[in-house]
Amino acid sequence: AGDFKKPIVRWVPGQGWIGDAEGVKKLVAKRGQQTIVLTNTYFDVMGLGNYEEALLAIVKNGWAPKMLLQAPPTYKKIDGIFYINRPIFLEDLKDELTKLPKSMVSEVRYLPELAVPACVLKLKNPKWTYQFFRNGTVLFTGIKDPSEREEPRKLFKEFFTKYDLIPLLAF
């Protein structure tokens, strides 16, 4: 294990890869706010921005064949964000979220020890996770299709209509 040397390579347009690429099985490239992971069997595009621009860059640089541009994408996980435009009392929100049906909730936690304290709600069905922050920011993970991107926001609203949580106790 002590003999491991991290390979250093660089892509130069017109020249290709330069540097010591021997033994490289995976390559991670940064492109703006996106990270592209390339192997000989797959690639992943992660981060913010238009994945199609990343695909075009991959093809233009000769890292993948042009037919890649015609292939439909496979989504592994889509993360998102929305804002409720008011401060959140995280401990109180945790107490309210525990009132959701047990069949729906996997876990509710208040994490005050984090650098940025959060309340985390993990759902069983749908299998999503919400992270709530004091400043009113809400992150969500777990959707699998871009057509679902508004669903976590809609479900959050239902917490206070359909499931009778009391917003005054949380905001």
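Two strands count as paired if DSSP finds at least two bridges between them. The legends below describe close-up views of a predicted model.

**View 1. Strands S8, S9 and S10 are joined by antiparallel pairing.** Five bridges connect S8 with S9, and Leu 121 stands opposite Tyr 130 in S9. Five residues lie between S8 and S9, and the two strands form a hairpin. On S9, pairing with S10 rests on four bridges; there, Thr 129 has Thr 141 of S10 as its bridge partner. The hairpin of S9 and S10 has three residues between the strands, and Gly 136 takes a positive phi near 95 degrees in it. Four of the five residues of S9 are buried, so this strand is largely enclosed by the rest of the structure.

**View 2. Strand S4 pairs with S3 and with S5.** S4 spans residues 34-39 and is mostly covered, with five of its six residues buried. Strand S3 (residues 26-31) runs antiparallel to S4 and is joined to it by six bridges. Within this pair, Leu 27 is placed opposite Leu 38 of S4. Two residues separate the strands in the hairpin of S3 and S4, where Gly 32 has a positive phi near 65 degrees. Strand S5 (residues 43-47) is also antiparallel to S4, through five bridges. Gln 34 has Gly 47 of S5 as its bridge partner, and the hairpin of S4 and S5 has three residues between the strands.

**View 3. Helix H2 packs through its buried residues.** In H2 (residues 90-97), the buried residues are Leu 90, Leu 93, Glu 96 and Leu 97. These residues lie on the same side of H2 because they cover an arc of only 115 degrees around the axis. Their packing partners are strand S7 (105-111), strand S8 (118-123), strand S9 (129-133) and helix H3 (151-161). Glu 96 counts as buried because its relative accessibility is 3%, a value under the 20% limit for buried residues. The side chain of Glu 96 also meets that of Lys 99 in a salt bridge, at 2.6 Å from N to O.

**View 4. A salt bridge links Asp 44 and Lys 76.** The structure holds seven salt bridges. In the bridge of Asp 44 with Lys 76, the closest N and O atoms are 3.0 Å apart. This pair links distant parts of the chain: Asp 44 belongs to strand S5, whereas Lys 76 lies in the loop between H1 and strand S6 (78-83), 32 residues apart. With 18% relative accessibility, Asp 44 counts as buried, while Lys 76, at 54%, counts as exposed.

**View 5. Glu 151 and Lys 154 form a salt bridge in helix H3.** Their side chains meet at 3.3 Å, N to O. Because Glu 151 and Lys 154 are three residues apart in H3, about one helical turn separates them. Glu 151 is partly exposed, at 32% relative accessibility, and Lys 154 is partly exposed, at 47%.

**View 6. Ile 81, Tyr 83 and Leu 139 form a nonpolar patch on the surface.** Together, these residues have about 270 Å² of accessible area. Leu 139 belongs to strand S10 (residues 137-143) and, at 31% relative accessibility, counts as partly exposed.

**View 7. Lys 60 lies in helix H1.** H1 covers residues 51-60. Lys 60 counts as exposed, with 68% relative accessibility. The C-alpha atoms of Lys 60 and Pro 13 are separated by 9.3 Å, although these residues are 47 residues apart along the chain.

Definitions and conventions. Residues are numbered from 1 along each chain as its sequence is written. This is a predicted model: local features need pLDDT of at least 70, side-chain atom pairs count only at pLDDT 80 or more; totals for chains, interfaces and linings use all residues. Side-chain values use heavy atoms; hydrogens and water are left out. Buried means under 20% relative accessible area, exposed over 50%, partly exposed in between (1.4 Å probe, protein chains only). The arc is that of the directions from the helix axis to the C-beta atoms. Contact means heavy atoms within 4.5 Å. Patches are made of residues with over 30% relative accessible area and no salt bridge: like charges are joined within 9 Å, nonpolar side chains (Val, Leu, Ile, Met, Phe, Trp, Tyr) within 5 Å. Accessible areas come from the Shrake-Rupley method with a 1.4 Å probe; for residues, only the protein chains shown count as cover. A salt bridge is a side-chain nitrogen of Lys or Arg within 4 Å of a carboxyl oxygen of Asp or Glu.
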